[in-house]
Amino acid sequence: MTQKDSEGFLQQQPGSLALAEPTVNVRHRWTTSIVVVNVGINAAFFGPIQVLLGQQAADFSEADKEGILALVTGAGAAVSLVANPLFGTFSDRTTSRFGRRVPWVFIGALLGTIGLIGLAGAPSVAAMALLWCLVQLGANGALAATTAAIPDQVPVRQRGTIGGLASMGTVAGILVGAAIAAVVAGNYSLGFIICAVALVAGMVPYLFLANDPVLSSKDKPPFTWLNFVKGFWISPRRYPDFAWAWITRFLVNVGNHLVTLYLLFFLTDAVGFENPEFGVLILTGIYAVLTLITAVIGGRWTDRVGKRKPFVIASSAIIALAALILAFFPTWTGALMGAAVLGIGYGVYLAVDFALLTQVLPSAVSRGKDMGVINVANSLPQVIAPIIAWPLVTIFGGYVTLYVVAAVIGLLGAVFVVKIKSVD
């Protein structure tokens with residue numbers, strides 16, 4: 001049985017509609033909480049990834065900074081591979097009176113905050129790697145829970161719009177992270193602490209506005225360790241559209257991470273920009289503004305026309321074009337052009353591909369786990385990209401080779417979208 005509160009929110013009684021396909025449009029307050037929590041989580045991710053970890057790596061060893069950064073980010077991303085589906089599975093089975101997702105957003109943000117504060121005083125590369133792994137564990141756990149909340153509560157007809165707005169939060173978080181790194185002016189310890197504050201600040205509104213459906217204990221799936229482990233494998237033969245959607249997102253994200261991983265070093269060593277930290281902020285700002293605009297426009301447009309695949313294909317091709325601009329125009333002007341083109345393509349991609357993914361989920365009872373598996377396609381590229389990027393930059397031709405490879409991989413993602421049959 002359901003009813004609406006004074007704000008117009010749909011109230012779901014315990015055990016009634018927690019697993020049902022949503023039919024009532026979500027309200028502005030709920031959407032705002034999703035945007036804000038995404039800002040906090042992504043500030044915690046990308047402030048360190050874009051600048052702070054690189055500065056800390058260089059502080060430990062200028063000569064080995066690329067290798068240290070690859071080691072730390074790769075280790076953290078490996079942890080995120082486990083955190084996403086694991087936290088998603090836990091949230092699927094949670095019968096808390098606060099809902100399925102809220103408790104895990106809180107736990108994840110708490111772990112991430114502890115890790116960020118620890119990074120501020122990390123005494124060695126080993127400690128730096130371990131603490132970044134803790135940040136990835138917590139932040140990815142919170143991300144898995146909030147991502148699952150969208151198919152829990154948003155009807156299909158609204159998912160492009162909400163996906164665009166959630167992506168707006170993601171990009172705003174990236175911009176906030178870059179701004180934090182620029183403002184602290186090389187004091188990466190202070191930067192890590194500010195990132196921790198941003199993570200907590202982003203979490204708090206969601207805790208009070210989530211309106212999280214409560215799962216009844218009678219609807220809780222039975223548990224066995226065998227089924228728990230087997231559940232992380234989603235058969236491509238049984239769910240081919242889910243598999244192709246996963247592969248597409250994985251490839252596009254590999255290409256995107258190859259472009260952004262060494263951006264600080266690219267500006268320093270290839271472009272010769274005098275203030276690379278400020279340069280990263282400028283490029284991120286251009287990218288962010290255009291991504292914000294195109295994510296909202298693309299999300300609403302795809303909802304209006306009822307099609308997803310053409311938008312995903314076109315946006316993937318535009319992202320690849322951005323990589324080629326950086327490859328063949330390694331100048332400050334080229335970097336500005338590349339950032340603009342990347343923002344245009346990635347904004348549409350974030351909004352529309354997310355909506356597409358929610359339409360190929362295998363089961364309502366395992367939305368958290370399934371979205372966690374999808375999020376592996378975001379996290380695994382963070383492991384793969386450093387492994388690919390480091391030899392390309394140091395041995396096989398430098399940044400030209402790196403960005404050409406990024407473009408080719410991204411274009412493969414666009415090609416495989418056509419294999420999805422159940423979504424237009």
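**Note on helix packing and salt bridges**

1. Lys65 is buried, at a relative accessible area of 8%. Its side chain meets that of Glu62 in a salt bridge, with an N to O distance of 3.0 Å. The model is predicted, and every value in this note is to be read with that in mind.

2. Helix 2 covers residues 65-92 and helix 13 covers residues 367-394. The two pack with their axes 7 Å apart and at an angle of about 170°. Angles over 145 degrees count as roughly antiparallel, and helix 2 and helix 13 are therefore roughly antiparallel to each other. The residues of this contact divide into 11 nonpolar, 13 polar and 4 charged.

3. The structure holds 7 salt bridges. One of them joins the side chains of Asp92 and Arg101, at 3.0 Å from N to O. Asp92 counts as buried, with 5% relative accessibility. Arg101 is buried as well, with a relative accessibility of 0%. Both values fall in the buried class because that class means under 20% relative accessible area.

4. Asp92 and Arg101 also belong to a network that takes in Arg100 and Asp152. The four residues are joined through salt bridges that share partners.

5. A further salt bridge pairs Arg308 with Asp303, whose closest N and O atoms are 3.0 Å apart. Are these two residues buried or exposed? Arg308 and Asp303 are both buried.

Terms used: Residues numbered from 1 in each chain as written. Predicted model: local features only at pLDDT ≥ 70, side-chain atom pairs only at ≥ 80, totals over all residues. Heavy atoms only, no water. Axes fitted to C-alpha atoms, helices over the stretch in contact; angles between N-to-C directions. Helix = DSSP H or I, 4+ residues; strand = E, 2+ residues; numbered from the N terminus. Parallel < 35°, antiparallel > 145°, perpendicular 65-115°, else oblique. Nonpolar A, V, L, I, M, F, W, Y, C, P; charged D, E, K, R; others polar. Buried < 20%, exposed > 50% of the residue type's maximum accessible area, 1.4 Å probe, protein only.
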